[in-house]
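Here's a quick briefing on a protein chain. Have a look at the sequence and the 3D view, then read on.

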Amino acid sequence: MAKTAMGTGEDNRLKILDAAAAIIADKGVDRASLSEIAKASGLSKGTLYYYYASKNDLIFDIADRHMADLTTALFDMIEENRATTMQILLTAFFSTLLASEARGRLHLYLVREAISGGHKGLKERFRVTYARWFTMVDDAYEKMGKSKENIEAKAGFLVAVADGFILQTLLEADRPCVEQIVSLTLRAIGD
């Protein structure tokens with residue numbers, strides 16, 4: 001990628017994505033301006049527009065990065081915990097997922113936008129990511145030698161539980177500790 005006075009093109013894109021994700025997680029998309037994002041990233045508005053002609057283009061890249069980060073973290077957990085129990089894997093999963101409020105806010109915003117149809121294509125991106133997560137659950141069961149009976153339902157349940165606890169965390173609702181979440185989840189999926 002071309003080198004600019006401010007760094008490589010990829011460096012600039014990452015600066016923009018980092019600044020935009022933080023501002024959007026804090027203020028929401030509607031109140032986040034491209035001018036504010038450019039300032040926070042340390043780049044000019046012209047440079048930001050070079051990479052992102054519109055806020056929607058930026059949102060799509062944030063969504064892709066967000067989903068890729070979550071998916072990568074989950075795949076890494078499975079690889080690192082290959083010979084462990086489902087309880088340890090789920091504890092690591094829920095702990096990681098619920099640890100970042102900013103990531104949770106962004107996730108919730110993107111889910112809302114996907115559902116409302118505010119950004120065409122975002123719903124499809126979630127479908128693709130959820131399909132990867134379902135496959136990942138299937139792979140985890142296989143690696144652990146677990147029964148794959150009702151695996152599609154189990155995968156869907158685990159993703160729904162994760163989304164639900166992200167929502168509860170953001171709403172600061174009372175929720176059980178991670179160990180209780182894991183225990184109940186294991187009972188619900190029969191493991």
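**Around T129**

Leaving out its neighbours within four places in sequence, T129 is in contact with M67 and T71; contact here means heavy atoms within 4.5 Å. This is a predicted model, where local features need pLDDT of at least 70, side-chain atom pairs count only at pLDDT 80 or more, and totals for chains, interfaces and linings use all residues. Residues are numbered from 1 along each chain as its sequence is written, and side-chain values use heavy atoms, with hydrogens and water left out.

**Where T129 sits**
- You'll find T129 in helix α7, which covers residues 122–143.
- T129 counts as buried because its relative accessibility is 2%; buried means under 20% relative accessible area, with a 1.4 Å probe and protein chains only.

**The chain's layout**
- There are nine helices and two strands in the chain; these are DSSP runs, with helices (H or I) of at least four residues and strands (E) of at least two, numbered from the N terminus.
- Starting at the N terminus, the order is β-β-α-α-α-α-α-α-α-α-α.
- The C-alpha trace spans about 55 × 35 × 25 Å along its principal axes.

**Inside and out**
- Of the 191 residues in the chain, 40% are buried.
- Take the contacts between residues at least 6 apart in sequence: 65% of them join residues at least 24 apart.
- The chain's accessible surface is about 10,300 Å², and 54% of that belongs to carbon and sulfur atoms; the areas come from the Shrake-Rupley method with a 1.4 Å probe.

Notes. Buried < 20%, exposed > 50% of the residue type's maximum accessible area, 1.4 Å probe, protein only.
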